[in-house]
Amino acid sequence: MAVMADQFTITTDPVGDSVALSALFAVLPLLTLFVLLGVVRMRAWLAGVISLAVALIVAIALYAMPVGQALLSATEGAAFGFFPILWIVLNAVWVYNLTVVSGHFDVLRRSMARISPDMRIQAIIVAFCFGALLEALAGFGTPVAVTVVMLMALGFPPIRAAAVALVANTAPVAFGALATPITTLGTVTSGAADDPRLNTETLGAMVGRQTPLLAVVVPLVLVMVIDGRRGVRQTWPAAVVAGVVFAVGQFLASNYVSVPLTDIVAALLSAAAVVVLLRIWQPAESPDLRSADDEVAVATGRGDEDATVRAAAGTGTGTGPAGEEPAVRARAGGSDPDAPGDPGTGPPAGDARHGEARNVPGEPPLARTHGSVAALEQHDSGAQVVRAYAPYLIIIVIFSLANIPAIKSALGEEPWSVSFGWPGLHVSGADGEPLSSTTFTFGWLAAAGTLMILAGIITAAVLRVGPGSAVRAYGRTYAELRHAIVTVMAVLALAYVMNQSGQTNTLGAFLATTGGFFVFLSSILGWIGVAVTGSDTSANALFGALQVQTAARAGLDPVLLAAANSSGGVLGKMISPQNLAIAASAVGMAGREGDIFRRVVRWSLVLLLIMCVLVTLQGTPVLGWMVPETP
């Protein structure tokens, strides 16, 4: 017990009193994780566990962290991984599974198909617009968990659905969960430098002058991921309208309306603009993209050419990647000749194999079709459509009510929320003050996951799902996401060990030695933080003060660098192992996180480079006018 109670103080240069040399070892856990995922193609949960072991070895052997403290740090991280992060994801997927069990998700899919039968347009609406709304209300992985299974139900092949959901979950992240990352950034930076602009409002305004650029680009990237160059050529009007309107809404709301409401305003405006556009314009062609064979074509950007070749060869849909089971293709909405009914109506979360998915009473099964003709011809009553959208309306209402200041404040107090020091964990920063991360907050009622359970109970009643079916769906949700649970808990344990041993501080301190060039690297620091923790909030808490302190030493603008930490961080979201695990498990591709990682990592890096250039220009007279001045 004496060892468990040892006090540990963080140092940034434990190896040879050199930050640079120490950084070479501090980066080992991250390198291990990304190499195992992207090169070795190891299952994410195993890669996470191995990387955690590497982080523990570095912490104990090189940073002299007591064994007991290192293990306690890992347990706190694992606990945080489950609550609140997995608690949100698991319950969000359960709400979706209830719609599948009731058969109402088929109604929702047909409703979206009537807006546009084009799968690329549907992806913009679902992954970008609706995903941004979910990010605004819940954040912490909820948009990926929900939109990826919605895309599957719309007929997207598994890996492509995961890639689209991950890429879409970028531009809105900084203002997610009612701007929790920005609020956190304002809190940790306000005491790090004597600058009156370091507050939530000004930092939110600055981020609102950076991330809108991503919003303009992301919808175009989505259609590129879905259908290569052909997708961009045929659907660019919808992609541009969605991106530009979202960007304008995000800028105006963050600067002139309300930082917490930024993504809600932007998402609703973007969705409305796309719907209005589709009343006067539709793509000239709406190709069937359900076949998993198209994965190869899109990866090479040859959507139209490869489709022509397949058509000439008479291989319309293909059989999917080598070794892929027919059940997986059916789950992706693929056209399996042995599958009954419409190929797009199979429940992506695996409910069909349990015999619980069914059509809405009185509805005939859809005829098999490569397009959406049968779906468009089938009639759904107004009541059925309302019930199909009800779960998401319920989520919006519950989260909106829970975030009313008076209610939010009440839920944040005991007994609804309890904070306590993690038992036996005693870690201090270089300044001798205890780390705030050693305090664990258990907001059991205020947690987004708990609110999602409430939404699920109401949803079950509205969709007329019996208690037995609802409970069985809940159990299956845990079973289907079992690998994601291990992955997220392992990676958050790794993040806590790296943070509380000083490894992350070493990486930040090393980048800070670059002086004026740090204005270019500041976004990369945020990107690293989110890639490791999976949370822009955590990355801001981790590096926000460091960005401001480095700015002061290098003569740079602290508001610019603090905002860059959050804006650059959002681009690490799509490659964070926990998000990869959530997406892979949700589409039934657990173990293929490496495939998804390779699909999205190039976009993460390209968009990160764009953000780095933008921040650099904002640090010069060229775009310096975009930085808010001292009032």
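Author: A salt bridge is a side-chain nitrogen of Lys or Arg within 4 Å of a carboxyl oxygen of Asp or Glu. The model discussed here is predicted.

Reader: Why are Arg 598 and Asp 595 said to meet in a salt bridge?

Author: The N to O distance between the side chains of Arg 598 and Asp 595 is 2.3 Å. The limit is 4 Å, so the pair qualifies as a salt bridge. Both residues lie in helix H27 (residues 593-618), three residues apart, which is about one turn of the helix.

Reader: How many salt bridges does the rule give?

Author: The count comes to six salt bridges.

Reader: How do you know that Asp 227 forms a salt bridge with Arg 120?

Author: The closest N and O atoms of Asp 227 and Arg 120 are 3.0 Å apart, and the rule asks for a separation within 4 Å; the pair is therefore a salt bridge. Asp 227 belongs to helix H11 (residues 211-257) and Arg 120 to helix H6 (residues 119-137), so the pair ties together parts that are 107 residues apart in sequence. The relative accessible area of Asp 227 is 1% and that of Arg 120 is 0%. With the cut-off for buried at under 20%, Asp 227 is therefore buried, and Arg 120 is likewise buried.

Reader: What makes Asp 557 and Arg 197 a salt bridge?

Author: Their closest N and O atoms are 3.1 Å apart, which lies within the 4 Å limit. Asp 557 is in the loop between helix H24 (536-554) and helix H25 (558-569), and Arg 197 is in the loop between helix H9 (176-189) and helix H10 (200-207), so this pair ties together parts that are 360 residues apart in sequence. Asp 557, at 24%, counts as partly exposed, while Arg 197, at 6%, is buried.

Reader: Which residues are linked in a network of salt bridges?

Author: The network links Asp 118, Arg 120, Asp 227 and Arg 230.

Reader: How many aromatic pairs does the structure hold, and why is the pair of Trp 94 and Tyr 474 called edge-to-face?

Author: There are twelve aromatic pairs. In the pair of Trp 94 and Tyr 474 the centres are 5.1 Å apart and the planes make an angle of 85°. Trp 94 is part of helix H4 (residues 67-102) and Tyr 474 of helix H20 (residues 467-480), so the pair ties together parts that are 380 residues apart in sequence. Trp 94 is buried at 7%, and Tyr 474 is partly exposed at 21%.

Reader: Why is the pair of Trp 416 and Trp 444 called tilted?

Author: Trp 416 and Trp 444 are 5.8 Å apart, centre to centre, with 55° between the planes. The pair links distant parts of the chain, 28 residues apart: Trp 416 is in the loop between helix H18 (405-411) and strand S2 (418-421), and Trp 444 in the loop between strand S4 (439-442) and helix H19 (448-462). Stacked requires under 30 degrees and edge-to-face over 60, so an angle of 55° is tilted. Trp 416 has a relative accessibility of 35% and counts as partly exposed; Trp 444, at 34%, counts as partly exposed too.

Reader: What is the omega of the peptide bond that joins Glu 414 and Pro 415?

Author: Omega is about 5°, and the bond is cis. Pro 415 is found in the loop between H18 and S2. Most peptide bonds are trans.

Reader: What is the phi of Asp 17, and is Asp 17 buried or exposed?

Author: Asp 17 has a positive phi of about 55° although it is not a glycine. The cut-off for exposed is over 50%; Asp 17, at 67%, is therefore exposed.

Terms used:
Residues numbered from 1 in each chain as written. Predicted model: local features only at pLDDT ≥ 70, side-chain atom pairs only at ≥ 80, totals over all residues. Heavy atoms only, no water. Phe/Tyr/Trp six-rings, centres within 6.5 Å; stacked < 30°, edge-to-face > 60°. Helix = DSSP H or I, 4+ residues; strand = E, 2+ residues; numbered from the N terminus. Buried < 20%, exposed > 50% of the residue type's maximum accessible area, 1.4 Å probe, protein only.
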